[in-house]
Every structure is written in structure tokens, then in C-alpha cells.
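My notes are below the display.

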Amino acid sequence: MKKILLTLLALGTLATFAQAEEAKPKKMMKMFQTVPAGQATILQEGKAKMFCPECGMTLPMFYKTNHAATVDGKVKQYCSIHCIVEDTQKGSKLTDIKVVDVTSLKFIAADKASYVVGSAKKGTMTMVSKYAFANKADAEAFAKANGGKVVDYNGAYKAAEDDFAKDSKMVAKKQAMMAQKGEMMYGKMCQKTDKKFATTAEAKAFIVENKLCKDLNPKQMQAVGLYLKSR
């Protein structure tokens, strides 16, 4: 009888522990692209400066694939070369294009960079990753360790351009699913607003500035931003 009671007690303890573990908020896994916000150089200005103007993604989360360019006299900072292609295809004239050097985390001239296309490291807005390096030797070492082909900016842009239609379809599908989740989060965790937003970045900046929602992690913030922009 005593052995049975001890067994039941042990099972009850395990069940309580399992419930406690499930109740803990799950931490987001750090991606290769991510750096702490304090290590990210933000070149653009304005209330939405922490977000990609094309897709709304939080720039430090995808910092190692960040690009920047001057458009109509103002600097825009993008999460990826995919978003560079997107803005170009919309008719924007991009000059002084820069990219983050994976090694130093500093912006360098994109036309001087060596890119590794198609490594095993996860891509940003694409299935085929594209990472840039100031030194070709660093790019070659990265490719040796992670796979991929070393090319110049024109080669990386061409690869992004070739991937653009397929990647855009993939991204649109994911964004639609996220927007649906964002609608539910908005209903449960946010104050209501009738304001309309032209971009996801603008919506996210409004959320932050007005403390519209509580306890959103970056992924949830993106979901709510996508919903507000699309509604």
C-alpha cells in the first residue's frame, strides 16, 4: 500500500511539473541573422525606423542580411536583398546601396562586398540565403563551412531577382496566415483603433508609440502589424 501511495505521489509531482513547464512562456529561438538591438546600426530615420519599409520586419532580428539605400533623398533600410528587389520593381530608384558585413556587423558598399548565395544558413524572405562579407576570404571560409557560392553584388541581386516570384508567393502565404493570427491577438491583447496604415512598418510603429498592445513578442507584433495593414 505504501509503495502504491509513493508511486501515485511521484506521478502527481511529475504531472504538476509538466503543467508548470507548459505554463512557462516559450522563448523565441535566436536566428543566425539576429543581433541584439544595441549592436544594430539603424541608418533610416522616423518613427518606423526599426522596421523594414517593405515587409515590416524588425531590422535587428534580421540584421545580418540588412541592406540600405538612398531613395528620393532619404535612406531606407531593408531586412534583405529580397526587399531591395521588391522596392526596385515598384519603380524606386535606389542609389548608394549598402549591406551589412556579417563579420564586423558594419555597413559596407554593396558593390564592394562578396556574397555567399545558397548556404545552409537560413535566408531572410527567401529559401536561398544571401549573406555579404567585406573580405572575400571571409566569404570563402563561410561558404566552405556552410556551403553556397561566392559571388559579387550583381550575382546576389540576380539570384534574388530570379527567386523573387517564388519567394514572394511563399512570403505572401505566410503573411496571410500571420495576419489571421494577428487578428485574434489584436482582439485579445490590444486597444482598438480605426486608423488605416499604408505599410506594416507604419502599423508597428503606431503600436509601439501608442502602447496599443500588451506583452507582444516580436513575432506577435509582426502578426498584429500585418493584420492592421491588411484590414
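These entries go through the cysteines, then a sheet, then a helix pair.

**Entry 1: cysteines**

I am working from a predicted model. I began with a search of the whole structure for disulfides, and the search returned 1. The partners are C190 and C213, with 2.0 Å between their sulfur atoms. I then checked the geometry: the angle about the S-S bond is 105 degrees, and the link of C190 and C213 is right-handed.

I looked up accessibility for both. C190 has a relative accessible area of 8%, so I note C190 as buried, the cut-off being under 20%. C213, at 16%, is buried as well.

Why is C55 in no disulfide? The nearest cysteine sulfur belongs to C79 and is 3.5 Å away, whereas a disulfide needs the sulfur atoms within 2.5 Å, so C55 is left without a bond. C55 counts as buried, with 3% relative accessibility.

I made a like check on C83. The closest cysteine sulfur to that of C83 is in C52, at 3.8 Å, which is too far for a bond. For C83 the relative accessible area is 0%, and I note C83 as buried.

**Entry 2: a sheet**

I traced an open sheet of 3 strands and wrote down the order β6-β5-β7, with antiparallel pairing. Its edge strands are β6 (130–133) and β7 (149–151), each of which pairs on one side only. From one strand to the next the twist averages 30 degrees.

I followed the pairing of β5 (residues 114–117) with β7, which is antiparallel and runs over 3 bridges. Which residue of β7 stands opposite V117? I found K149 there.

**Entry 3: helices α5 and α6**

Helix α5 covers residues 200–209 and helix α6 covers residues 218–230. They pack at an angle of about 115 degrees, and their axes are 8 Å apart. The crossing of α5 past α6 is right-handed.

I listed the contact residues. From α5 they are T200, A203, K204, I207 and V208. From α6 they are M221, Q222, V224, G225, L226, L228 and K229. Sorted by class, the contact has 7 nonpolar, 3 polar and 2 charged residues.

Conventions:
Residues are numbered from 1 along each chain as its sequence is written. This is a predicted model: local features need pLDDT of at least 70, side-chain atom pairs count only at pLDDT 80 or more; totals for chains, interfaces and linings use all residues. Side-chain values use heavy atoms; hydrogens and water are left out. Two strands pair if DSSP finds at least two bridges between them. Helices (H or I, at least four residues) and strands (E, at least two) are DSSP runs, numbered from the N terminus. Axes are lines fitted to C-alpha atoms, for helices over the stretch in contact, and angles run from 0 to 180 degrees between N-to-C directions. A crossing is left-handed if the near helix is turned anticlockwise from the far one by less than a right angle, and right-handed if clockwise. Contact means heavy atoms within 4.5 Å. Ala, Val, Leu, Ile, Met, Phe, Trp, Tyr, Cys and Pro count as nonpolar, Asp, Glu, Lys and Arg as charged, and the others, Gly among them, as polar. Buried means under 20% relative accessible area, exposed over 50%, partly exposed in between (1.4 Å probe, protein chains only).
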